[in-house]
Amino acid sequence: MASVGAEEQTAIIRGVGTVSLRREASLGFTSAGRIVRLNVNEGDTVRQGQVLAALDTTTVAADLNRARAERERAAAEFRRSTNLMAQGWITRPRLENAQASLQAADASVSAARFQATNATILAPGSGIVLARLAEPGQVVAAGTPVLVIGEAASGYVLRVPLSDRDAARLTEGVPATVTLAAMDNQPLTGRVIEIAGRGDRATGTFAVEIALPADARLRSGQIGEAVITAATQTQTALTVPAAAIFAARAGEGFVYVVDRANKRVRLRRVTIADATDRGIVVTGGLSRGELIATSRVDRLKDGQVIAPIGVAR
């Protein structure tokens, strides 16, 4: 026999995810053009401000020269209009038109200068080239990703997709143990630092980020398994030995409850949940402290008198 016990359960959540740098950025040009230089390859280490790629600036330089010439013409026209206005030869609306033309020319010069300045891609910070998505000679549209850079200072994380139920049981800061086959499954101690605010629309899972300790062997794309220890649940769970449950099906099963007064067993339907290393979690049909039969349950019958030989707790 066994006495039905209740205990606090510590949630252990398992998941498989991918290692990556916490901050990764796709870099591209702000204008269309032909790539003339691509100075880095995948895996290269870069420093902040380093020139990574450049466009052919022939067209960009021509646009800037054209904008500057138009600005000089508009400035000269505005100066003439100002003098004529002072002498009373033109009306104020004509002077205002000349001023508006000068302002538009200034804006065109600023836009062309911006395009010329951004005909090169500079490293936003020290990091690692994770992907090279184009080649010299290739014509790219404005905004097309050319390189993917991972910021080394952001550190590595393991991104694990979890179900909504598991994600809801986690809070930031809870500990996790991570193992990677690429590192001979040596355990790494991490902690949860971010839980997605909404689920992925395609899979319905929530991305959980686990910060990993600094290790030179870590690489983006490695696969790791995480064991996350959630906070101890406040509710208690009734557990019974697995041998006490029989005819289990679709979340239900049967047990024989022992009447302490007359030593008779009574058949009772119970609802069950997960199986743990301590037994079966019972969610309904039993109360704490009741006695249940745990051996030879296949030979018992409802109302049968038994001779208890011991109580397991």
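Strand β4 (residues 33–38) pairs with β9 in the antiparallel sense, over 2 bridges. The two strands belong to an open sheet of 4 strands in the order β7-β6-β4-β9. The model is a predicted one. A search of the whole structure gives 14 salt bridges and 2 aromatic pairs. The points below cover the sheets, a helix, a loop residue, the aromatic rings and the charged pairs.

**Sheet with β4 and β9**

- In the order β7-β6-β4-β9, the pairing is antiparallel.
- The edges of this sheet are β7 (120–122) and β9 (139–140), each of which pairs on one side only.
- Strands of a sheet pair through backbone hydrogen bonds, in either a parallel or an antiparallel way.

**Sheet with β3 and β10**

- Another open sheet of 4 strands has the order β3-β10-β8-β5, again with antiparallel pairing.
- Its edge strands are β3 (24–28) and β5 (45–46), and each pairs on one side only.
- Strand β3 is joined to strand β10 (residues 145–151) by 5 bridges, and the two run antiparallel.
- In this pairing, G28 stands opposite P145 in β10.

**Helix α2**

- Helix α2 (residues 92–117) is made up of 26 residues.
- From its first C-alpha to its last, α2 reaches 38 Å, close to the 38 Å expected at 1.5 Å a residue.
- The buried residues in α2 include L95, A98, L102, A105, V109 and A112.
- The buried residues of α2 pack against α1 (58–87).

**Loop residue Q222**

- Q222 is found in the loop between β14 (206–211) and β15 (223–240).
- Although it is in a loop, Q222 is buried, with a relative accessible area of 13%.
- The side chain of Q222 reaches the backbone oxygen of R217 at 3.1 Å.
- Leaving aside residues up to four places away in sequence, Q222 touches G17, T18, V19, L180, A182 and R217.

**Aromatic cluster**

- A pair of aromatic rings is described by the distance of the centres and the angle of the planes.
- The search of the whole structure finds 2 aromatic pairs.
- The ring centres of F246 and F254 are 6.2 Å apart and the planes are at 35°, so this pair is tilted.
- F246 and Y256 form a stacked pair, at 5.3 Å centre to centre and 20° between the planes.
- F246 lies in strand β16 (residues 246–249) and Y256 in strand β17 (residues 252–258), so their pair ties together parts that are 10 residues apart in sequence.
- F246, F254 and Y256 form one aromatic cluster.

- Side chains of opposite charge can pair when their charged atoms come close.
- D63 and R66 meet through their side chains in a salt bridge of 2.7 Å, N to O.
- Both residues lie in helix α1, 3 residues apart, which is about one turn of the helix.
- D63 counts as partly exposed at 35% relative accessibility, whereas R66 is exposed, with a relative accessible area of 53%.

**Salt-bridge network**

- E194 forms a salt bridge with R22, and the closest N and O atoms are 3.0 Å apart.
- This pair links distant parts of the chain, with E194 in strand β13 (residues 188–195) and R22 in the loop between β2 (5–21) and β3, 172 residues apart.
- E194 is partly exposed, with a relative accessible area of 34%, and R22 is also partly exposed, at 31%.
- E209 forms a salt bridge with R159, the closest N and O atoms being 2.9 Å apart.
- This pair too links distant parts of the chain: E209 is in strand β14 and R159 in strand β11 (residues 156–162), 50 residues apart.
- E209 is buried, with a relative accessible area of 9%, while R159 counts as partly exposed at 29% relative accessibility.
- R22, R159, E194 and E209 are linked in a network of salt bridges.

Notes:
Residues are numbered from 1 along each chain as its sequence is written. This is a predicted model: local features need pLDDT of at least 70, side-chain atom pairs count only at pLDDT 80 or more; totals for chains, interfaces and linings use all residues. Side-chain values use heavy atoms; hydrogens and water are left out. Two strands pair if DSSP finds at least two bridges between them. Rings of Phe, Tyr and Trp (its six-membered ring) pair if their centres lie within 6.5 Å; planes under 30 degrees apart count as stacked, over 60 as edge-to-face and the rest as tilted. The expected span of a helix is 1.5 Å times one less than its number of residues. Buried means under 20% relative accessible area, exposed over 50%, partly exposed in between (1.4 Å probe, protein chains only). Contact means heavy atoms within 4.5 Å. A polar contact is a pair of N or O atoms within 3.5 Å; within protein, one must be able to donate a hydrogen and the other to accept it, and residues adjacent in sequence count only if both atoms are side-chain atoms. A salt bridge is a side-chain nitrogen of Lys or Arg within 4 Å of a carboxyl oxygen of Asp or Glu.
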